[in-house]
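Here are my notes on this one, as promised.

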Amino acid sequence: MAESPKSPVTQAQAEAAVRTLLEWAGEDPTREGLLDTPRRVAEAYGDWFSGYREDPRAYMARTFEEVAGYDEMIVLRDIEYESHCEHHMAPIIGRVHVGYVPNGRVVGISKLARVVEAYARRFQVQEKMTAQIADCIQDVLQPLGVGVVVEGAHECMTTRGIHKRGVSMVTSRMRGSFHDDARTRAEFLRFIEVGQARR
Ligand SMILES: [Zn+2]
């Protein structure tokens, strides 16, 4: 696996750190079943934290304007993500719902999903990720408004600590017309119906 271009840490150093943790947990990192584990973990980290090698703002910079005057809300809901909390390095699994009202320019819908990925694949706090996604879209695409709602189940809460399963945290960030206009915000929330069965 290629090392992260931003990282001064080599692959060998990352693997040594995994061996240290295995040993600290009480394992023998030299036993057969664990021999390739440090390499696999380092590779998995490369995948889980690929967001550090991406520039989400670049995804919002390519827009198109030929939308036949479409100026209504565009909503992409149920964008699944896997992230990791920065406090325990434990997974956060959930979905993001994004809506915006264009101001003459729209982006391909896959780009919205890519922005979500680029921020999710980092160590995160859900509140911060929610704000980052909304701010990236608002600041680069400059729509009339943007709304982002994030749902997340935090494994640091379900598998340790207070061991509460089935709990999901919901965070939101509203900017522009989504913040200032209650009707726009209500329309968005109706589209995404957070917390309600819709399948
Ligand atoms: Zn945590």
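1. First, some ground rules. Helices (H or I, at least four residues) and strands (E, at least two) are DSSP runs, numbered from the N terminus. This is a predicted model, where local features need pLDDT of at least 70 and side-chain atom pairs count only at pLDDT 80 or more, while totals for chains, interfaces and linings use all residues. Residues are numbered from 1 along each chain as its sequence is written, and side-chain values use heavy atoms, with hydrogens and water left out.

2. Start at helix α1, residues 11-25. Its 15 residues reach 21 Å from first C-alpha to last, close to the 21 Å expected at 1.5 Å a residue; the expected span is 1.5 Å times one less than the number of residues. Just after α1, G26 takes a positive phi of about 115°.

3. Which residues of α1 are buried? They are Q11, E15, V18 and L22. They sit on the same side of α1 because they cover an arc of only 55° around the axis, the arc being that of the directions from the helix axis to the C-beta atoms. On the other side, T20, L21, E23 and W24 are exposed. For the cut-offs, buried means under 20% relative accessible area, exposed over 50%, and partly exposed in between (1.4 Å probe, protein chains only).

4. The buried residues of α1 pack against α2 (37-48), with contact meaning heavy atoms within 4.5 Å. Seen from α2, the buried residues are T37, P38, A42 and G46, and what covers them includes α1.

5. Two strands count as paired if DSSP finds at least two bridges between them. Strands of a sheet pair through backbone hydrogen bonds, either parallel or antiparallel.

6. Going through the pairs, β1 and β3 run in the parallel sense over two bridges, and H84 stands opposite F123 in β3. β1 and β2 pair in the antiparallel sense over nine bridges. β2 and β4 (residues 145-154) also pair in the antiparallel sense, over ten bridges. Strand β2 (residues 91-101) is mostly covered, with eight of its eleven residues buried.

7. What holds the zinc ion? The protein donors are C85 (SG), H88 (ND1) and C156 (SG), lying 2.2 to 2.3 Å from the ion, and their spacing in sequence is C-x2-H-x67-C. C85 lies in strand β1 (residues 74-85) and C156 in helix α6 (residues 155-158), so the pair ties together parts that are 71 residues apart in sequence. Both cysteines count as buried, C85 at 4% relative accessibility and C156 at 12%. A caution on the donor list: donors are N, O and S atoms within 2.8 Å of the metal (3.2 Å for Na, K and Ca), and water is not among the atoms, so sites may look incomplete.

8. Some backbone angles deserve a look. In the hairpin of β1 and β2, with five residues between the strands, M89 takes a positive phi near 60°. Q142, in the loop between α5 (126-141) and β4, has a positive phi near 55° without being a glycine; Q142 is partly exposed at 48%. H163 lies in the loop between α6 and β5. Its phi is positive too, about 50°, although H163 is not a glycine, and its relative accessible area of 49% makes it partly exposed.

9. Check T184 as well, in helix α8 (residues 182-192). T184 is buried, with a relative accessible area of 11%. Leaving out residues up to four places away in sequence, T184 touches M73, V101, S177 and F178.

10. Last, the record. An unreviewed UniProt entry annotates residues 15-192 as "domain: GTP cyclohydrolase I". UniProt positions are given in the numbering used here, feature names are shortened, and annotations may be inferred rather than shown by experiment. In the model, the end C-alpha atoms of that span lie 42 Å apart, and the span is 43% helix and 24% strand.
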